[in-house]
Amino acid sequence: MVTLTIDHQVITVPEGTTILDAAAQIGIPIPKLCYLKEINEIAACRVCAVELEGKQRLITSCNNVVEEGMVIYTNSPKVRAHRRNTVQLILSQHDCKCATCVRSGNCSLQKIANDLNIYDIPFGERIERQPWDKTFPLIRNSAKCIKCMRCVQVCDKIQSLNVWDLEGTGSRSTINVSKSRTINEADCSLCGQCITHCPVGALHERDDTEKVWDAIADSKKIVVAQVAPAVRTAWGEAFGLSPEQATVGKIMDALKKMGVDYVFDTTFSADLTIMEEANEFLERYKKGETKLRPMFTSCCPGWIRFIKSQYPHLVPQVSTAKSPQQMFGSVMKSYFAQSIGVKPEDIFTLSIMPCVAKKGESNMELFYGEYAGHDIDAVLTTREFTRMMRSAHIHPDVLTDRLSDSLMREGSGAGVIFGATGGVMEAALRTAYFLVMGTNPEPEAFRVVRAQSQETGITEAEVQMGDAVIRAAIASGLGNTRKLIEKIERGEARYDFVEIMACPGGCVGGGGQPIHDGEERAFIRGKNLYFLDEHASIRFSHENPDIHKLYESYLGSPLSHKAHQLLHTDHNAWQMPKKR
Amino acid sequence: MSRLEIPTPSKSQLVIEGLYKDLERRIEASPPGLCPVDITRAFLELCHAQTCGKCAPCRIGLLQLKHLITNVLNGEATMETLELMQQTAQSIMETSDCAIGYEAAHMVYKSLIGCREDYEQHIQVGRCTCTYHQPVPCVALCPAHVDVPGYIALVAAGRYEDAIRLIRKDNPFPTTCGFICENPCEARCRRNMVDDAVNIRGLKRMAADYAGKVPPPPCAESTGKRVAVVGGGPSGLSAAYYLQLMGHQVTVYEMLPKLGGMLRYGIPNYRLPKERLEDDINAILETGVQVECGVRIGQDITIQELRANYDAVLITIGASTDKKLDLENENAPGVISAVQFLQMVGKNEAMDLTGQEVAVVGGGNVSMDAVRTAVRLGAKKVSIVYRRRVADMTALPAEIEGAIAEGVEVRTLQAPERIELDEQGAVKGLWTVPQMISKIKDGRASVVPSGEESVFIPCTTLIVAIGQSIETEHFKNAGVPVERGKIMAEKFGGFANIPGVFAGGDCATGPATVIRAVAAAKVVAANIDEYLGFNHKITCDVEIPDPDLSDRSACGRVQLGEREAGERIHDFNGVEQCMSEKEACQEAGRCLRCDHFGFGLFKGGREKVW
């Protein structure tokens, strides 16, 4: 233990504690900007600098550890003056038009400047403006970037893709897409983790809300929406609602209030995905195709972009099933369109997703009879959805729980847990067990595939089904994914079935979810999904009556020709990354 | 009124003089890898600030060049901009009235020509393609990438054994390098920005002297693979060490009676005491390396046999033969190559030079070793004969100073002409042609005959120290690629057409330094491991102390002391003295810990594994 004095208070903390953490323990929150625990402890912004008695130079509290007898001042005249000066310098290179920034009200720089009572900047503005393709789903606004390096670190350390880097040297050092590439040429997975870890508004998703308003306003268009499982765990955070208050039914109500014609829950198409994927898996398993290399899940578009760019030779191992979003889109434009007597062209499919990569995925083409277009016409992130609610001045207090529209109303608990790491695997195993054994397992028989904590990256399990043993593995986060694949490639591990989600903790931790600087909420949000599953009336995808109806009246059986046409895809039909 | 006054510099003049010195040191410590265009712009700003303002090309031209180069950096230039810049630079070079102008333009011109691609990239891509790669200057400049800030912190903490363990992760010759490394790590030490580079080698020596015997880490589980290493010098032994740690069984074949190569048979004992060299070699052998001394490749054993009997073969034969002066009578008695001369000393078969006059031709480190050894062998007079000036010598300044202190004469600007023999046919002296220094060519001053009459330098022993070469004959015959006297290994240390055979060290690069030999050994060891189908990692679990948070106020550099010249010339005992613990603690405290502060913390300040 180490004893030191911080702002005249004596405190004893374990060796190796940072000054920042020690101060926090006695209720002194030292301001910080670039710091992200275990990811970005590089002392770049200098905002957390404090005075160490007896020394002239200030020291940073985020990356220096306590020493016996230290006397620290976190708010001495010197610290105050320098901290203020530092923040003013940062502001001189930041486009301070807060009124038109998506992060206004949720911006760490804005908060620090306000807290420090800074109302003027003595320096001339020096704003950097780099060109950017505004049609790309991920937008970087160099004018807002404060070079905290978090995006570089998150992409390097968590996602192992190194999309961002410091570019140029000396006075001209800046952040840009690494290796002199444009973002279109980069192997960006579009996971959006750089967005959710950006302290300011330098990184954000392409805003598609106006496109949706236009479709709603277009009297010829029938707007049909779907809401992904993970959205219900997080949308309420933007309005300060508790998980109990922030139900999926209220999202449906809000969408209807905005003028959406039909609302559905992606849980339905998650069940549909399980029907296709579980059957596909058993088929591949029986053929012995999973002996050396597993079948990989296909529901995460960030992961698909990753495997296509990093391990193209493994693409044939990926399930050909479309993601629940895309499956729902194609069913909306075929089965559903037919049921309401509307041409697919007149259906505008909208999805509310916790995800940025889904915006990229929606470009995937759909050919169905005469129709040639896209499964999905617009994707909004959870954040865009809440912004749209605000702009329509819909207050959550006035919302009531509204059911999804009929025909595709039902969704099982298995479909709900799709939003958490391990959820797709668990749902698939429940149905695979039924397909193999002819009886249902206990609904929670496969709990072992769930993450144990926010830190869980890779989970392995062996599951007995009669005589067969299914070797399963689950990874979330692309750095963990790379580790797992390298192990498989080196022959150090063998699995039959592997679930991958690009974002740590799964979709609940998605790059389109509400942002809380310095907090990782995936695990807590995931618990919410497991709670909903536990209390769901249907626990198995294969018991969803609306899914039965869909197969009976339209698709035939899983993996049928028609199912293939509508619900499966060719992962090689598009290039990743785009060639220069 | 006085008619004349002694001028005293104003306060601000004195301050600026100080800043000039600060800037000089700062340039010396400039981090490697900066954008050439941006740095040229910065130089140009300084040059323009020096203009007197009289002549137009300098006053206006440098300003316009500054604007143009800024356009390039801003991505607002075209290829025509480069043409205009080049034309303007040339015009300033050829029209300015004084060097402030024409030399400034010359700098820009050289940058434009030599770094053309960087300028074009800025224009074509609209972005700077340079990225900062080498966060910790000392680690980046050490060929073997030894964790310098790490072991300095350990020395500061008095954890000498851990320091040795950490160094051995990248260099199994910590003691040897503590004595004789040429310390390229110090060249751009950031401490230069404060006062002076940290004495890195001195601190390594400190660790080596105070650690005592440190056993090597345990070897990985045996792989059953066998590797033959030809040549027991620093690169062969380093590779053997790492391959043993990776679980392979290595046999080293050495032609001389003992291991060590140039470290034993080239470097004199007074620079690297043999018992201290043994410290390193013993630790290497402790890993289980098998050794066969007195075996000469191409004579006692062939590459073909080794290939048949081992899973991989590594050639590390060094550069152990000598270059000739190509003068008549070079084979006469009394004429000897430095390599041979020093090797005889290493074998305890030293010549007795008592009362003799000795001349040594050459200005490199080997020449200094030869003259200082000759002094110790009792020579009456020892002279260095060199065709250029002392400043042009390639030997380390400290070695030259050491030689001069020991009474060696330095005959500069003398080019050997002919060797004169006595009646018995033995050497009697060397005739040289006096030279004068002339034009600078490729950055080095050339010489031309001065026109004076030839000079006779009497000597009964003439030592030739003008470089070493490599015995490539056997390898050439065995099908190993040899070009310009070197074994031409690929970048990974192997050969495209001979799987399983690798080469490294001096024999593949030409004569270099110990630390380069070690660096090459790391490369080949890793690639041999890979070739054998493994992926062993070399690591070190020593925890490195957190940096000290003091203010880093300016403080002089501790230099290692030497025994006094008059005493040391009588024996071959070590010349250099280690620092005291108090000195080491202060010196280690001067380290700015670039692994923790600055860019190091952001982008990999530490290579923990290779």
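In the predicted model described here, B:Arg484 lies in the loop between β16 (482–483) and β17 (486–487) of chain B; helices (H or I, at least four residues) and strands (E, at least two) are DSSP runs, numbered from the N terminus. The phi angle of B:Arg484 is near 45°, a positive value in a residue other than glycine. B:Arg484 counts as exposed, with 8 C-beta neighbours inside 10 Å. A residue is called buried if 20 or more other C-beta atoms lie within 10 Å of its own, exposed if 12 or fewer, and partly exposed in between, with C-beta atoms placed from the backbone. B:Leu413 also has a positive phi, of about 55°, although this residue is not a glycine. B:Leu413 is located in the loop between β9 (409–411) and β10 (414–421) of chain B, and is buried, with 21 other C-beta atoms within 10 Å.

Residues are numbered from 1 along each chain as its sequence is written, while chains are lettered from A and ligands numbered from 1 in the order in which they are written. Because the model is predicted, local features need pLDDT of at least 70 and side-chain atom pairs count only at pLDDT 80 or more, whereas totals for chains, interfaces and linings use all residues.

Chain B is assigned domain 1 (34–125), domain 2 (137–215 + 540–602), domain 3 (226–320 + 470–531) and domain 4 (322–468), with bounds that come from an automatic or database domain assignment. The centres of domain 2 and domain 3 of chain B, taken over C-alpha atoms, are 27 Å apart. Between these domains, 22 residues of domain 2 of chain B are in contact with 25 residues of domain 3 of chain B, where contact requires that the C-beta atoms of two residues, placed from the backbone, lie within 7 Å. On the side of domain 2 of chain B that touches domain 3 of chain B, helix α10 (residues 174–180) of chain B gives the most, with six residues. That side of domain 2 of chain B comprises 14 nonpolar, five polar and three charged residues. In this classification, Ala, Val, Leu, Ile, Met, Phe, Trp, Tyr, Cys and Pro count as nonpolar, Asp, Glu, Lys and Arg as charged, and the others, Gly among them, as polar.

Helix α23 (residues 581–589) of chain B has B:Ala584, B:Glu587 and B:Ala588 buried. These residues cover an arc of only 95° around the axis, which puts them on the same side of α23(B); the arc is that of the directions from the helix axis to the C-beta atoms. An α-helix has 3.6 residues a turn, so residues three or four places apart point the same way. Among the elements that cover the buried residues of α23(B) are α8 (148–156) and α11 (200–211) of chain B.

Chain A contains 18 helices and 19 strands. The radius of gyration of chain A is 25 Å, in agreement with the value near 25 Å for a compact globule of 580 residues; this radius is taken over C-alpha atoms, and the globule rule is 2.2 Å times the number of residues to the power 0.38. Along the principal axes, the C-alpha atoms of chain A fill a box of roughly 80 × 55 × 50 Å. Of the 580 residues in chain A, 52% are buried. Among contacts in chain A between residues at least 6 apart in sequence, 73% join residues at least 24 apart.

The domain assignment of chain A gives domain 1 (2–115), domain 2 (138–205) and domain 3 (209–268 + 325–398). The centres of domain 1 and domain 2 of chain A, taken over C-alpha atoms, are separated by 24 Å. Contacts between them involve 17 residues of domain 1 of chain A and 15 residues of domain 2 of chain A. The side of domain 1 of chain A that touches domain 2 of chain A has 12 nonpolar, three polar and two charged residues.

An open sheet of five strands in chain A has mixed pairing and the order β2-β1-β5-β3-β4. At its edges stand β2 (9–13) and β4 (59–60) of chain A, each with a single partner strand, so one side of each is left without a neighbour in the sheet. Strands pair if DSSP finds at least two bridges between them; β1 (residues 2–6) of chain A and β2(A) pair in the antiparallel sense over five bridges. A:Val2 stands opposite A:Val13 in β2(A).

The contact between the chains takes 21 residues from chain A and 18 residues from chain B.
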